[in-house]
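Let us walk through part of this fold, one element at a time. Keep the structure open as you read.

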Amino acid sequence: MIDFHSHVLPGMDDGSKSVEESLAMLEATAQQGISHMAATSHFYPMEDSPEQFLARRAAVVERLRYAWKPGLPKLLLGAEVYFFEGMSGVKELDALCLEGTELLLVEMPFHPWTDRMVKELLAVHEHRALTVVLAHIERYFRFQPKGIWDDLLDQGLLMQCNAEYFLSWRTRKKACRMLAEGKVHLLGSDSHNMSARPPRLGEALSVIGAPERRMLEDNIRRLVPMVGGM
C-alpha cells in the first residue's frame, strides 16, 4: 500500500522540520504496514520556479539518504502543486509528477472554482497528457456545487482523500461510500509531523472493508509502479 500524500521531507515546507522527525514519520508509517510513501512537498509557484523546487528537493533528499535506515518505506518523490493560471503551459510540470508516473497531485484553492480554473485543470489533463489527482478533495466540498465531482470524474481526473476523512465519526460513512462508488482513487495521510498531524493511513485502512481495500490496491497497481524509490 502507498501513502500517496505526505510532507515527510525535512525543511521543504510546513511539514517535517528535521531529518530526525522525517525518520520518525517513516518509521511510524512502516509500523502501519505501508510499503511506499509519496513525498509530496508543497510547490507554490509564487515562491519557487520548478527548477528551484527540484534543486531544493534534491539537496534535502541527499541529507535524508545519509541517515536512511533499513526497513523504512520506499520514498517516491513528487509534489503537491498549488493551482495557478497558465500551469498547463509550463513545460517543467512533468518533473513535478510522482516519480515513475504521469500523476500530478494538485491542490486547489479553498473557494468556489471558476469555469476558467476548471478549464485549466482539464488542459493539464488533456493537452499535457498528465493525470491530475486532486488532493484531499473532502476539503473542497463546501465550496463547490455537487455536480462538479461527477463532471471531473467523467473527464478522467482522479480523487485523493486524506486518512482523517475515514477516521472521523462524522465523515467515515460518507468516505467509505465514496470509495465503494469509485469516487475516491487514492488515499494519503497528508502527514506533516509526529504531533499534530502524524501518519495515520494504517488506521484509516483498518476501518475500510475488504472489497474497498481491494479496489484501492487495484488502483495502485494500475497507477503507480511499485519499484524504485529511496
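Start with two neighbouring strands. β7 and β8 pair in the parallel sense, over two bridges. At one of these places, Leu134 has Met159 of β8 as its bridge partner. Keep in mind that this is a predicted model.

Together, β7, α4 and β8 form a right-handed β-α-β unit.

How many of the five residues of β8 are buried? Five of the five are, so this strand, residues 158–162, is largely enclosed by the rest of the structure. In a regular strand, side chains alternate between the two faces of the sheet. In β8, both faces are covered. Leu158, Gln160 and Asn162 are buried on one side, and Met159 and Cys161 are buried on the other.

Next, turn to helix α3. α3 has 13 residues and spans 17 Å from its first C-alpha to its last, close to the expected 18 Å. Its buried residues include Met117, Leu121 and Val124. What covers the buried residues of α3? The cover includes β6, β7 and α4.

Arg116 lies in α3, residues 115–127. Is Arg116 buried or exposed? Arg116 is exposed, because its relative accessible area is 61%, and the cut-off for exposed is over 50%.

Finally, look just past the helix. There, Ala129 takes a positive phi of about 60°.

Technical notes. Residues are numbered from 1 along each chain as its sequence is written. This is a predicted model: local features need pLDDT of at least 70, side-chain atom pairs count only at pLDDT 80 or more; totals for chains, interfaces and linings use all residues. Side-chain values use heavy atoms; hydrogens and water are left out. Helices (H or I, at least four residues) and strands (E, at least two) are DSSP runs, numbered from the N terminus. Buried means under 20% relative accessible area, exposed over 50%, partly exposed in between (1.4 Å probe, protein chains only). The expected span of a helix is 1.5 Å times one less than its number of residues. Contact means heavy atoms within 4.5 Å. Two strands pair if DSSP finds at least two bridges between them. A crossover is right-handed if, with the strands pointing away from the viewer, the path from the first strand over the helix to the second runs clockwise.
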